[in-house]
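Me: I would like to learn how to read the features of a model like this one. Could we go through them one at a time?
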Amino acid sequence: MRRILAKGAALVAGLVALALAMTPAVAQETVRVGTEGTYAPFTYQDDSGKLTGYDVEVLRLVETKVADLKFEFVPQPWDSMFLGLEAGKYDVVANEISKTPEREAKFLFSDVAYFHSGSAIIVKKGVTGIHSLDDLKGKVVGAGTGSEHTKLVEDYLAAHPGAFEIRYYDGNVTPVLLDIAEGRIDAHINDPIVAKEHADKLGLAVEVTGDLLAKVPSYFVFRKDAKGEALKAKVDAALTGLKADGSLSKLSQQWFGQDYTQD
């Protein structure tokens, strides 16, 4: 009897294995993602040359929720990020992007925010007397072209013409932090997490001063077409699930030591 049962169990196991082997694999759609790859800790190359960062790893978590998606990351300079999306060079942008009316007029944004970032003033370490935008009168302020942090500076200057000078830089934060450390400019507005990451890595004597000027959610960005709509729906569903099961919060804790996924 035992031999019969053993043979029966073996037969069932064999049939299950055969069925699994015959089950067709889920066809995966390769989705190209535009991202800077130089904006640590959100998107950058690690010491081995692998692209990583919080934004990149969020999308890798999304892959675990959507079996038919496979993301392929395409490093792209910030100043041509949205042009590349428009041109079809990639299908989604992952780069700590916030919403603006101008962007929403041209692109689709995920409904679910995966991060809530801040804007703060960065100055040379030891500088006193700068704690707010009002304190920048007569100063030179470095600003990243097209950045949501820069919009704060531009809006302030529009309301206070001539209060200070803006010196524009491309999307790479390193040159502007170098210029602050060397005294060539007086301040910069950026995410304090990003500023600290780059300053620590490069050994730059800069620091965050004052309270946060703003706190804004970050979204993934898609083209405004049928493919973009379908992709957005899948990503939103995955992000909802990742928030519900705590995976997104856990990832934020791993990268930043606290949960930046909530409002």
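Me: Let me start with strand pairing. Which residue in S6 is the bridge partner of Gly-34?

Reply: Strands of a sheet pair through backbone hydrogen bonds, either parallel or antiparallel. This is a predicted model, and in it Gly-34 is bridged to Val-93 of S6. Strand S1 (residues 29–35) and S6 run parallel, joined by two bridges.

Me: Which strand is joined to S6 by three bridges?

Reply: That is strand S12 (residues 206–223), and the two run antiparallel.

Me: How many residues of S6 are buried?

Reply: In a regular strand the side chains alternate between the two faces of the sheet. In S6 (residues 92–97), six of the six residues are buried, and the strand is mostly covered.

Me: What does the side chain of Ser-117 make a polar contact with?

Reply: Its partner is the side chain of Glu-96, at 3.4 Å. Ser-117 lies in strand S8 (residues 115–124). Ser-117 counts as buried because its relative accessibility is 3%, and the cut-off for buried is under 20%. Leaving out residues up to four places away in sequence, Ser-117 touches Glu-96, Asp-191, Ala-214, Lys-215, Val-216 and Ser-218.

Me: In what order do the strands of the open sheet stand, and which are at its edges?

Reply: The order is S2-S3-S4, with antiparallel pairing. Strand S2 (38–39) and strand S4 (51–52) are the edges: each has a single partner strand, so one side of each lacks a neighbour in the sheet. Strand S3 (residues 43–45) is joined to S4 by two bridges, and Gln-45 has Leu-51 as its bridge partner in S4.

Me: Which residues have the most contacts inside the largest nonpolar core?

Reply: They are Tyr-54, Phe-71, Phe-220 and Leu-239, in a core of 45 residues. Another core lies apart from it, with 15 residues, among them Ile-130, Phe-164, Ala-187 and Ile-189. Setting aside neighbours within four places in sequence, Phe-71 is in contact with Val-31, Val-33, Leu-59, Val-62, Glu-63 and Val-235.

Me: How many aromatic pairs does the structure hold, and why is the pair of Tyr-54 and Phe-115 called tilted?

Reply: There are 16 aromatic pairs. The ring centres of Tyr-54 and Phe-115 are 5.4 Å apart and the planes are at 55°, so this pair is tilted. The pair links distant parts of the chain, with Tyr-54 in helix H2 (residues 54–65) and Phe-115 in strand S8, 61 residues apart. Tyr-54 is buried, at a relative accessible area of 0%, and Phe-115 is buried with a value of 0%.

Me: Why is the pair of Tyr-156 and Phe-164 called stacked?

Reply: The planes of Tyr-156 and Phe-164 are at 10° and the ring centres 5.8 Å apart, so the pair is stacked. Both Tyr-156 and Phe-164 are buried.

Me: Which residues form one aromatic cluster?

Reply: The cluster is formed by Tyr-39, Phe-42, Tyr-54, Tyr-114, Phe-115, Phe-220, Phe-256 and Tyr-260.

Terms used. Residues numbered from 1 in each chain as written. Predicted model: local features only at pLDDT ≥ 70, side-chain atom pairs only at ≥ 80, totals over all residues. Heavy atoms only, no water. Core = buried A, V, L, I, M, F, W, Y, C linked by side-chain atoms within 4.5 Å. Buried < 20%, exposed > 50% of the residue type's maximum accessible area, 1.4 Å probe, protein only. Contact = heavy atoms within 4.5 Å. Helix = DSSP H or I, 4+ residues; strand = E, 2+ residues; numbered from the N terminus. Pairing = 2+ DSSP bridges. Polar contact = N/O pair within 3.5 Å; in protein donor to acceptor, adjacent residues only side chain to side chain. Phe/Tyr/Trp six-rings, centres within 6.5 Å; stacked < 30°, edge-to-face > 60°.
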